[in-house]
Amino acid sequence: MSANSTIEAPAGVTKFHLSLNVNDLERSVRFLQALLGAPPAKRRHDYAKFEIDDPPLVLSLEPHGFSGRGALNHVGFRMPDSAALVAAQRRLETAGISTQREEGVECCYARQTKFWATDPDGTLWEVYVFEGDIDHRGAGQALEVISPSARSAERETVRVSVAHRLGQPFGRLRTPDGLECGDGSVDEVLLQGTFNARTDDAERQWILREVRRVLRPGGQLLVHVLTSSAPLPTDARLQLPGPAAAVEQAPVDRQLVADLEEAGFVGVHYAKFGASPCFHYAGVEMRETKLLAFEPAGTAPAACVAVYKGPFREIRDDAGRVFRRGERVPVDEATRELLQAGPAAAQFLFLGVHETVEGDEKSV
């Protein structure tokens, strides 16, 4: 079997993509390097990727341990170009199968445009176009991969997701089959344009309380919304171009973050927030924004030691835990997963369960 480590597939070639959960990344890399006869095409402390031409395969490794689906993380295809990606998504949508598209997302040390779909057995499929390498992991990732609750080894059930989209009335959150979600029964909630409908402060607070009601500990909220850099006029319907024409209002970006924090979510961070605005309206910058936030996971025993590498003197998380540059800080599994999933992942080193702290060996 011939193999190589070329990052980009030859023009016109579709490659099958397989992502595996592994318990020990280094051991798995050594095994696959011997099996495939080639080194990984990309290797980071928290990620590895092999690429071979015969058979055409992109194989990635995620050091998350086994989830409810065992070693399988997700499967899919890397398409040769945008036209092939659009055609595949159109076939699914025409067949009545919903997809979730992500434009220019930073994920797995690469920039990609992709869509996600779930098959009848709950397997997650990723279909994407590779657009270039980046030097950090990126915040975009399959929802069930970056959700701590969905990765828990204690959970044996398929992840539960619910969504609300702009134009739909917002009541009690319901599952895709119409059942009302019970308290703490959902792994992830997607609010797609929800806050672009005309809502006041009280309505936004009620919506966020409802999301927190249904999320399991460690569950994830993804807010996909058009935001503004400053308040917009509220006395008339906005007149925005193109797909944004349905937008009735655009919350101020920083205020939306504050709303999530005030509602009690933790680990709030931008998954998408570009340096350049999509457009300007009434002199105000308008941006497509994706915010990730998590339901607190509660207290748990320390699972590893985190070392903040800088560049700042110290940083503080939502629980008040202080990470000073170079100091070893015991953290639980949920905190480790939040740090590894966030945009500051490259600034942390994670050590084993037995580490020397201030001269004394302690179990953490």
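I began with Gln220, whose bridge partner in β14 is Phe294; strands here are DSSP E runs of at least two residues and helices H or I runs of at least four, numbered from the N terminus. This is a predicted model, where local features need pLDDT of at least 70 and side-chain atom pairs pLDDT 80 or more, while totals for chains, interfaces and linings use all residues. Residues are numbered from 1 along each chain, and side-chain values use heavy atoms, without hydrogens or water.

I then followed the pairing of β14, counting two strands as paired if DSSP finds at least two bridges between them. I found β14 antiparallel to β11 through nine bridges, to β12 (residues 266-273) through five, and to β13 (residues 279-281) through three. In β14, Thr289 is the bridge partner of Phe273 and Glu285 that of His280. The hairpin of β13 and β14 has two residues between its strands, and Ala282 there takes a positive phi near 55 degrees.

I looked up burial next (buried is under 20% relative accessible area, exposed over 50%, partly exposed in between, with a 1.4 Å probe and protein chains only). Nine of the eleven residues of β14 are buried.

I also listed the largest nonpolar core, which has 22 residues, with Val189, Leu191 and Phe265 among those with the most contacts inside it; such a core joins buried Ala, Val, Leu, Ile, Met, Phe, Trp, Tyr and Cys residues through side-chain atoms within 4.5 Å. Elements giving two or more residues to this core include β10 (186-192) and β14 (284-294). A second, separate core of eleven residues includes Leu32 and Ile52.
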